[in-house]
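This report describes a predicted model.

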Amino acid sequence: MAWNKRDDPPTNQPEPTTPMSPPRPSAAPAPTPAAAAAAPEPPRRTDRATIGPSIFIKGDLSGEEDLVIEGRVEGKVDLKQNNVTIGKNGKVRADVFGKVVIIEGEVDGNVFAREQAILRQSGGIKGNITAPRVILEDGSRFKGSIDMEPPKDNASSQPSRQDQHREREQQNRENRSEAAGVKANAG
Amino acid sequence: MSWFSSRSAGSRKEQQGRVQTLPEPDVHRSLALSALFEGIRGRKVNVLDLGSAVGSNVEFLSQYGCKLFIEDLYAALSSRTTVEEGDLAGPEFFSEFLPLPEDTRFDVILAWDLFNYLHRKELVTFSEQLRRFSHKGTLLLALISYHKTIPAQPYRFKIKDEQNLVYERRTATERPSPRLAPAEVTGLLKGFRVDRSFLLKHGIQEYLLVRD
């Protein structure tokens with residue numbers, strides 16, 4: 001099977017320095033304290049797919065969830081709204097489009113990140129990077145060009161602020177709905 | 001993907017496999033760097049960095065909104081496998097080293113201390129390639145050592161700020177320095193003239209050259 005969906009968050013996945021997409025609201029109503037103590041919390045869905053180390057994909061990849069590539073991909077990876085991670089075992093000969101693109105393996109192609117591109121120490125890119133923010137860790141291998149747009153103002157230099165604002169609003173909404181749920185249960 | 005197997009820290013003529021203790025990086029004031037940033041402030045520029053990829057430099061240069069090309073010259077010279085010891089890199093090598101579209105023009109070239117690691121003939125050949133991808137007014141930063149010996153591998157330079165450079169050694173071993181004289185620098189780098197040069201206390205002469 002080419003796609004291996006993970007339901008539980010991997011323990012050794014790198015975290016980008018800016019927050020990723022805001023947490024999704026839970027569809028289920030908030031449990032009462034008694035119910036929460038009795039039943040184990042169901043595993044949280046992370047909406048992240050993984051291409052395993054033994055998988056080789058030739059063609060275009062697109063979708064609407066985060067992706068971790070540990071196998072080989074040739075073609076095009078088009079996940080502009082999501083985060084793409086090329087794992088340490090990943091070998092990609094393709095142009096990669098993503099929101100935050102993290103490279104720990106090898107990429108032979110161009111990287112386009114809407115928010116940020118991160119080349120980890122173990123990673124290598126032979127190609128060009130286009131992103132408003134680029135992080136190259138020392139020891140990483142890079143051959144190509146980096147195109148960085150200048151920050152328009154203080155706010156735009158930190159593209160995560162809008163996400164943070166949305167996240168706060170979402171959190172407030174959740175808190176309000178939780179409070180309402182607790183009141184309803186108490187009543 | 002053979003490129004990925006060649007580490008940029010590879011040495012050109014140096015023994016490998018030794019455990020070396022490296023000194024702490026030094027921070028030195030760079031007058032040429034200050035002059036260079038003064039020259040590019042406020043405009044989007046194309047920068048060619050001939051050193052290895054250094055994250056802090058990328059981050060620093062990002063504030064200028066430049067397009068940065070990183071082509072690690074020393075790593076490319078080190079990874080030549082078909083040459084005999086002592087063979088010089090020729091026009092073909094340097095042409096392949098910069099596989100850029102013909103209309104590419106750089107506004108800034110960061111050569112760091114790499115000219116100390118090229119034979120004089122290689123420097124002439126390489127400067128021809130640099131001329132191809134530059135225009136009138138292109139700035140070239142080069143650091144020439146006046147010590148008798150230099151590290152066996154180029155320093156890794158990190159831009160601390162507009163006035164200061166961090167010199168990070170990659171090896172404890174040394175090799176003879178070519179000690180290029182000022183007249184040689186201009187003679188070998190045809191098409192470029194010295195705009196400013198600064199002899200620093202730590203035995204490095206900084207050159208800011210301009211393409212005629």
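## A strand covered on both faces

In this predicted model, strand β2 of chain B, residues 46-49, is covered on both of its faces. Asn46(B) and Leu48(B) lie on one side, Val47(B) and Asp49(B) lie on the other, and all of these residues are buried. In a regular strand the side chains alternate between the two faces of the sheet.

β2(B) has two pairings to describe here. With β3(B) it runs parallel, and four bridges join the two strands; within that pairing, Val47(B) has Leu68(B) as its bridge partner. With β4(B) it also runs parallel, through three bridges, and here Leu48(B) has Ile109(B) as its bridge partner.

An α-helix has 3.6 residues a turn, so residues three or four places apart point the same way.

After the helix comes Gly42(B), which has a positive phi, near 90 degrees.

## The nonpolar core

The largest nonpolar core has 84 residues, and those with the most contacts inside it are Ala111(B) and Leu141(B). The element that gives the most to this core is strand β7 of chain A, residues 91-103, with eight residues.

Once neighbours within four places in sequence are left aside, Leu141(B) is in contact with Ala32(B), Leu33(B) and Leu36(B), and also with Leu110(B), Ala111(B) and Leu208(B).

The secondary structure of chain A comes to two helices and 13 strands. Chain A has 187 residues, of which 31% count as buried. Of the contacts in chain A with a separation of 6 or more, 21% are between residues 24 or more positions apart.

Where the two chains meet, 22 residues of chain A are in contact with 19 residues of chain B. On the side of chain A that touches chain B, β8 (106-108), β10 (124-126), β12 (134-136) and β13 (141-147) each supply at least two residues, and β13(A) gives the most, with seven residues. By class, this side of chain A has seven nonpolar, four polar and 11 charged residues. Strand pairing also crosses from one chain to the other: β13(A) and strand β3 of chain B, residues 67-70, run antiparallel and are joined by four bridges. In this pairing, the bridge partner of Ser145(A) is Phe69(B).

Most residues other than glycine have a negative phi, and most peptide bonds are trans. Trp112(B) has a positive phi, near 50 degrees, and lies in strand β4 of chain B. Trp112(B) is buried, because 22 other C-beta atoms lie within 10 Å and the cut-off for a buried residue is 20 or more.

Arg179(B) likewise has a positive phi near 50 degrees, but its setting is the loop between β9 (174-176) and α6 (182-188) of chain B. Arg179(B) counts as partly exposed, because it has 16 C-beta neighbours inside 10 Å, a count between the limits of 12 and 20.

## Gln205 of chain B

Gln205(B) is found in strand β11 of chain B and is partly exposed, with 19 other C-beta atoms within 10 Å. Not counting residues up to four places away in sequence, Gln205(B) touches Ile144(B), Tyr146(B), Ser197(B), Phe198(B) and Leu199(B). Gln205(B) and Ser79(B) are 126 residues apart in sequence, and their C-alpha atoms are 28 Å apart in space.

Terms used:
Residues numbered from 1 in each chain as written. Chains lettered and ligands numbered in written order. Predicted model: local features only at pLDDT ≥ 70, side-chain atom pairs only at ≥ 80, totals over all residues. Contact = placed C-beta atoms within 7 Å. Nonpolar A, V, L, I, M, F, W, Y, C, P; charged D, E, K, R; others polar. Pairing = 2+ DSSP bridges. Core = buried A, V, L, I, M, F, W, Y, C linked by C-beta atoms within 7 Å.
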